[in-house]
Amino acid sequence: WNDVGLNDPYMEWVAVRPDALIDTDEVSSYDTFEKPKTGLFEGHESSRSNVAHFMSNLVSDKNTWEAWKFKMPYLCDSK
């Protein structure tokens, strides 16, 4: 997956990886990392609102897109 799209001028991608999804009414602070910070069974909560907010930023903010293009960011709510 590391080289998918790198040599194709028409293909760019980002795959957002939230952790344990929860429902909330509002966007709160959250963190994004290149790799998960916990083990398989020790996840952190990720609100659907925060995931949607981050994904919206990916498509509306060029700097956010460029920072994560061709990567798989791990997203979790801030503690």
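Is Glu12 buried, partly exposed or exposed, and at what relative accessibility? Select Glu12 in this predicted model: at 42% relative accessibility it counts as partly exposed, a class lying between buried (under 20% relative accessible area) and exposed (over 50%), computed with a 1.4 Å probe on protein chains only.

Residues are numbered from 1 along each chain as its sequence is written, and side-chain values use heavy atoms, without hydrogens and water. Local features need pLDDT of at least 70 and side-chain atom pairs count only at pLDDT 80 or more, whereas totals for chains, interfaces and linings use all residues.

Lys69 sits in the loop between helix 2 (62-68) and strand 5 (74-77), and Glu12 in the segment before strand 1 (17-18), 57 residues apart. Helices (H or I, at least four residues) and strands (E, at least two) are DSSP runs numbered from the N terminus.

Glu66 is partly exposed, at 39% relative accessibility. Shared partners join Glu12, Glu66 and Lys69 into one network.

Now move to Asp23 and Arg48, whose salt bridge has its closest N and O atoms 3.0 Å apart. Because Asp23 lies in the loop between strand 2 (20-22) and strand 3 (30-33) and Arg48 in helix 1 (residues 48-60), the pair ties together parts 25 residues apart in sequence. Asp23 is exposed at 64% relative accessibility, while Arg48 is partly exposed at 42%.

Note on methods: Salt bridge = Lys/Arg side-chain N within 4 Å of Asp/Glu carboxyl O.
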